[in-house]
Amino acid sequence: MSAAMPGRPAIGPKVPINFPADLLEDIETGASLAQLSRAAWIRRAAARALPEVFDGALAPDDMFRFLNTAERGAEPDHEVDDATIRRLLTAADHGTLTIQPFTTETLATQTARERRQLSFVTRSFVADGARVVLYQVAHGTITYRQPGEHDPGHHGEHTLYLDKAAARAWHQELRKQFLPT
């Protein structure tokens, strides 16, 4: 019989990472404000940076939630139309809707108070054997709990387009608004 190791159980494999001193200082500040350990804060930040993944066939509820939570963009004529929505939901209902690998371009800024993120995601679905490509422009802000505040805040929106040029134009407009240089 082996003796139990003292301390907390391991969460997973240990991954040594070297950080520049100023970034490590910012991480320490963020972890302190969030009242988390540095490791927990880094795990949470890494998990939030990952794209949403649907594996295999999509359930109709998942696809409906994805389509239904989209915001209206600057060019509604180029957004996903009702016929495409019906096609995707019907394929999801029949169990024939799948997601192909997708690409995400993400820009982010972070301060001790908040994190802002803007993404351009190209999503390809196969609906009844035919490929459907949607361009998703998403932005979000996470505010960290400050001394004296009760809860952190989270705000996020995404807009879906069939037209890549219109999606890029909306992405550039949001970049000017949310990530000023």
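R123 sits in strand β3, which runs over residues 114-127. This is a predicted model, so take the notes below as a tour of what the prediction shows.

**Y135 in strand β4**
- Y135 belongs to β4, the strand spanning residues 130-143.
- Is Y135 buried or exposed? Its relative accessibility is 14%, so Y135 counts as buried, the cut-off for that label being under 20%.
- Leaving aside residues up to four places away in sequence, Y135 touches F120, V121 and T122, along with T159, L160, Y161, L162, D163, K164 and A167.
- A167 is 32 residues away from Y135 along the chain, yet their C-alpha atoms are separated by 6.3 Å.

**Helix α3**
- Helix α3 covers residues 60-68, and its buried residues are M63, F66 and L67.
- Looking down the axis of α3, those buried residues fall within an arc of 95°, so they line one face of the helix.
- On the face turned away from that buried side you'll find the exposed residues D61 and N68.
- As for what covers the buried residues of α3, the list includes α4, β3, β4 and β5 (153-161).

**Helix α4**
- α4 is 13 residues long and reaches 18 Å from its first C-alpha to its last, close to the 18 Å expected at 1.5 Å a residue.
- Which residues of α4 are buried? They are T84, L88, A91 and A92.
- These cover an arc of only 100° around the axis, which puts them on the same side of α4.
- As a reminder, an α-helix has 3.6 residues a turn, so residues three or four places apart point the same way.
- The opposite story is on the face turned away from the buried side of α4, which carries the exposed residues D82, R86, D93 and H94.
- The buried residues of α4 pack against α3, β3 and β4.

- G95 follows α4 and has a positive phi, near 80°.
- Where does G95 sit? Its place is in the loop between α4 (82-94) and β1 (98-99).
- G95 has 43% relative accessibility, so it counts as partly exposed.
- D128 is 33 residues from G95 in sequence, and the two are 9.2 Å apart in space, C-alpha to C-alpha.

Key: Residues are numbered from 1 along each chain as its sequence is written. This is a predicted model: local features need pLDDT of at least 70, side-chain atom pairs count only at pLDDT 80 or more; totals for chains, interfaces and linings use all residues. Side-chain values use heavy atoms; hydrogens and water are left out. Helices (H or I, at least four residues) and strands (E, at least two) are DSSP runs, numbered from the N terminus. Buried means under 20% relative accessible area, exposed over 50%, partly exposed in between (1.4 Å probe, protein chains only). Contact means heavy atoms within 4.5 Å. The arc is that of the directions from the helix axis to the C-beta atoms. The expected span of a helix is 1.5 Å times one less than its number of residues.
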